[in-house]
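Please work through each task before reading its solution.

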Amino acid sequence: MYPHINEPTQRISPKATTMWKITNSIGHGVTLLILAILLYVDHTFSWIGWIGWILYVLTGLIFISAIYSIWIEPAILQRTWRYEVDDEHVQLKHGAFTQTNTLIPMTKVEYVTTNQGPFLRKFGLYDIIIGTVTSSHNIPALPADEALALRAKIAHLAKIKELD
Amino acid sequence: MSSHTEYVTKRLHPINIGFKLINLGRSMLFPIIFLFIIKHGSDSAFTKYGRIAIILFMVISIIGILLNWLTHRYEFEERTLHIYHGVFVKSHRNVPLSRIQNIQKHATFLHRMFNLTSITLETGASGEEASVKFDVISYKEAERIEQLVESLASDQLVEENTILNVDKMDEEEPALFEKTMHYTVSNKELVKASFTSLSFVAIIPIVVSIYFNIDEFFSLDDVTGNLFSIILDKLWILIPLTLAFLLVSISIGLVTTFLRYGKFEISSDTNRIYLKKGILNVTSFSITKNKVQAIQFEQSLLKRWFGFVEVKLVSAGSVGDDKQETNSLFPFLPIKQAYALVEILLPNYQINLDMYKLPQKSLELKLLRPNYFWIIGSIILFSWKPEFWYASPILLAIILVYKYLVFFRTRYLLNDHLLQIKTGAFTSTLFVTDRHKIQEIEVKQSVLQRKFGLANIQLSNRGKPIHISNIDDLPQNIASRCYHWYAARPQNTK
């Protein structure tokens, strides 16, 4: 990265791309379906003019967003996600266009959990959620064994507490 | 240190029963008057059963109050406050004293007549169980609790900071509770505060609301009409009238300011800072020095003109209603005195006012960045009301001036273990925090910022609500330096 911050080394599972393609397709599909129903109702009951107008604009926007978040975003997100956990810190980096680097000292970590929804389970993946007093952070789509080992590691390291 | 380890289980002061009974009486006053006095002669089913219901309710409530008082006990043991209560469902709550973030005492006039106070111990937890409150407690007992919390907290400091000398543990520290007074407010300052806070304007809404309230019952239209014609006849009447109005409003402003901030005191001992204020109702706030999460210097436009600043101690526990300014060192401190005071109270916070400005290219980027609010606003304006086209450039001008002010007033400094951030276009806030109190850091860079070599940083601190501080469009090398500065925080405790 351009500002001199060492890039974290670990990457998330390559399966994430396919999974996000599927979940985003479903999400956008459902939204488009709802809009289609609304448009149909609009036509049959001839609602006031501007409602149809807004519906068309929305449909267009969702369509563009669908192209981006199904064919472009998942691969970029998967490629740019990095994390690293050492004795003292958790480091996260993500985003292609807007890059975000996050640093959490181990002593400030309050809890760590693994999370697995139906799609993650299908792909044998886990999300890891790292919480501090002020917020929580999500490392998405880690292979099962890696995720469980990481959770154990963070839980162990975070036991070292600091006075506050 | 086992001198203060007598663990006595205590009940609340018996006067709690009195206060609760008064409250019960107050809330039942209207139904009692209605059913027993107004409906005195009536013997309809409604009044009959109503009276029985009220008597039953009162009896049950009184028994409840007594039982509650009997079962509500508390005890300090080791480093924990134990609270037992509940008549049928017994509950036992443990509050580790090290978790207590600040202590607030609030004594109303009624409290003070009997030498009582309420005391609230705030923990950093969220939800209903975040604080322990004793509504009515003798002032002496409140002081004892405050000292207990402090001494146990400092014991722990000695123990956990193994770097400290080990023999110190057996040493009695008599100076621990000896408070030093650092600031008491003078009458002159209170007068100044009264004008700076525009307290004399407070009378206007009061007068207006009184007028409309009376107007509702007796139509005042004729009276006001007559008054206006008299005044228009003899315009000179306006002069004494205005003077009288000014006099009354200023004196009301003075009285409210004196009642609120009168007897303002700031004191401290080895570990703790104490703030106290108020003439009729007395509010106190105390916090262990190492629990201060950050310091905030706030200046409204008016305060800047008068050279005042409000200093707030940021605590991880709740500090109550914002209007009560519980955690504020006097809200109208002269600037120089404010920094001197902070250095005495918190020797760690050696603030350096020689801070850095944002570079020119940061302004360029801020001005260049499209403002969606303006774009969308203009599109709507042109399509709906094109005759008001001039609102669009006016809005743009306001936005650009605002952006310029944000750029012009932003300052930052990495000062050894402190981070100082000053922000705000009109009002200004200087936020100072210690590296150890920052919970996490985030460096963010958009594509446009990458072209300009700029980045945003965001820091989170504990507080209620959580304190997020941002510096936008900072040179990227400074941003990464902040990141490394934070990463290099020494791990001083195991």
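**Exercise 1.** Determine at what angle helix α1 (residues 15-45) of chain A and helix α2 (residues 49-80) of chain A pack.

*Solution.* Step 1: the axes of α1(A) and α2(A) are 9 Å apart and the packing angle is about 175°. Axes are lines fitted to C-alpha atoms, for helices over the stretch in contact, and angles run from 0 to 180 degrees between N-to-C directions. Helices are DSSP runs (H or I, at least four residues), as are strands (E, at least two), numbered from the N terminus. Step 2: α1(A) is therefore roughly antiparallel to α2(A), a term for angles over 145 degrees. Step 3: sorted by class, this contact has 16 nonpolar, eleven polar and three charged residues. Nonpolar means Ala, Val, Leu, Ile, Met, Phe, Trp, Tyr, Cys and Pro; charged means Asp, Glu, Lys and Arg; the others, Gly among them, are polar.

The model is predicted: local features need pLDDT of at least 70, side-chain atom pairs count only at pLDDT 80 or more, and totals for chains, interfaces and linings use all residues. Residues are numbered from 1 along each chain as its sequence is written, chains are lettered from A and ligands numbered from 1 in the order in which they are written, and side-chain values use heavy atoms, with hydrogens and water left out.

**Exercise 2.** Describe the contact between domain 1 of chain A and domain 2 of chain A.

*Solution.* Step 1: the domain assignment, automatic or from a database, gives domain 1 (15-78) and domain 2 (82-157) in chain A. Their C-alpha centres lie 30 Å apart. Step 2: ten residues from domain 1 and eight residues from domain 2 take part in the contact (heavy atoms within 4.5 Å). Step 3: the two domains bury about 810 Å² between them, 88% of it on carbon and sulfur atoms. Buried area is the accessible area (1.4 Å probe) that two parts lose on being put together, summed over both. Step 4: on the domain 1 side, A:K15, A:M19 and A:I76 lose the most area, together 51% of what that side buries.

**Exercise 3.** State which residue forms a salt bridge with B:E143.

*Solution.* Step 1: a salt bridge requires a side-chain nitrogen of Lys or Arg within 4 Å of a carboxyl oxygen of Asp or Glu. Step 2: the partner is B:K105, with the closest N and O atoms 3.2 Å apart. Step 3: B:E143 belongs to helix α4 (residues 139-160) of chain B and B:K105 to strand β5 (residues 100-107) of chain B, so the pair ties together parts 38 residues apart in sequence.

Terms used: Angles under 35 degrees count as roughly parallel, over 145 as roughly antiparallel, 65 to 115 as roughly perpendicular and the rest as oblique.
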